[in-house]
Amino acid sequence: MGNSSRSPSREVLRLAGPVLAGPEDVRDELWVVDGRITFSRPAAPAGTVRGWVLPGLVDAHCHVGLDAHGAVDEETTLAQALTDRDTGALLLRDAGSPADTRWIDDREDLPRLVRAGRHIARTRRYIRNYAEEIEPEGLVAEVARQAERGDGWVKLVGDWIDRSHGDLAACWPADAVTEAIAAAHAAGARVTAHCFAEDALADLAAAGIDCVEHATGLTDDTIALFAARGIAIVPTLVNIATFPGIAADAEDKFPRYAQHMRALHARRFETVGAAYDAGIPIYVGTDAGGSLPHGLAAAEVAELVRAGLPPEAALDAATWSARAWLGHPGLEEGASADLVVYPDDPRADISVLAAPDLVLLRGHPVAGAGATAPAA
């Protein structure tokens, strides 16, 4: 399963469903022919796999090629990508990485990767070795550079601790971020921003931002603003769960920051639930690759359910809608067979997502108990 030089499969495989092609679109079966999906029965004989079929999961916020200290080597990067793949996450949005991961695109056995270039942060206002660190007068030029480096996305660090007053604070003046987002849009890129706190959100929304990561600082006013403008959020609740530990580590030196982080954590489910109720688009992301391991997409779906999303909506945030948002097809006629098979209905029990029976990537069985020859 680690072979990077496989030729496309010439076998025909039948997936006997239910096939969850969309929230309201359930099919009885599909076939994989030459690595692509068809709903028309082929003439060739086929092996059969039975189970509940979903599009490959999406992790819309992870960091491939990054760990807590910065860029990692190719061996570590490969292990990260394989961990996501083997847990069913076959489409990844890399939300900022200093590593050159273009070689992944040449690997038929690795997930598809949508890059956001490298983080863009204010000088000495982010994690060391992660970002291009600049001042506001250089923001437009850096956004244009990262738009070329990415795959249609640019990632800003919208807020971070300001040690001069000991708490989270916005990183950019409103006029600078407005010009920068306009420059990204002119280059054909969408813009997302890391934001834990409240202060940066209104300016980012007014500037035309497309998405906000974490978004723990949303309030009634900014929830209404995001909903009106269609700004998406990727809550990364499995990462927000680490806030109490971050607060404990910072307590002695930055007590106000520690208190703020605990408050954001305490209301995290209420915040995400209110965002969902307001109609804000929500997508699954884990923030893996910094301090968190990869392979947590199923855990994040479960966290969204804890926050009050119906299981079907949480599933949608990791599959059909998330793929459409990133410009990749799901279970559609002619699409690449990037799909996952489960033993039971994940809509009835979301925990099923944690243990797929079979993972198919580009039509190849790559993981799961069924990743050997299919049954006839």
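Helices (H or I, at least four residues) and strands (E, at least two) are DSSP runs, numbered from the N terminus. This is a predicted model: local features need pLDDT of at least 70, side-chain atom pairs count only at pLDDT 80 or more, and totals for chains, interfaces and linings use all residues. Residues are numbered from 1 along each chain as its sequence is written, and side-chain values use heavy atoms, with hydrogens and water left out.

Start with the backbone. Most residues other than glycine have a negative phi, and most peptide bonds are trans. Pro-18 sits in strand 1 (residues 12–22). A cis peptide bond links Gly-17 to Pro-18, with omega about 25 degrees. Ala-215 has a positive phi, near 60 degrees, and is not a glycine. Its place is the loop between strand 17 (211–214) and helix 5 (220–229).

Now the hairpins. Two strands pair if DSSP finds at least two bridges between them. Strand 14 (residues 159–162) and strand 15 (residues 167–170) run antiparallel, joined by 4 bridges. Asp-159 faces Ala-170 in strand 15. This hairpin has 4 residues between the strands, and Gly-166 takes a positive phi near 75 degrees there. Strand 20 (residues 358–361) and strand 21 (residues 364–367) are also antiparallel, with 3 bridges. Val-359 stands opposite Ala-367 in strand 21. Here 2 residues lie between the strands, and Arg-362 has a positive phi near 55 degrees.

Next come the aromatic rings. Rings of Phe, Tyr and Trp (its six-membered ring) pair if their centres lie within 6.5 Å; planes under 30 degrees apart count as stacked, over 60 as edge-to-face and the rest as tilted. The count is 6 aromatic pairs. One of them, Phe-196 with Phe-243, is edge-to-face, at 4.7 Å centre to centre and 70 degrees between the planes. Phe-196 lies in the loop between strand 16 (190–195) and helix 4 (201–206), and Phe-243 in helix 7 (residues 243–250), so the pair ties together parts 47 residues apart in sequence.

Charges remain. A salt bridge puts a side-chain nitrogen of Lys or Arg within 4 Å of a carboxyl oxygen of Asp or Glu. The structure holds 20 salt bridges. Among them, Arg-115 meets Asp-105 at 3.0 Å, N to O. Arg-115 is in strand 10 (residues 112–115) and Asp-105 in the loop between strand 9 (89–94) and strand 10, 10 residues apart.
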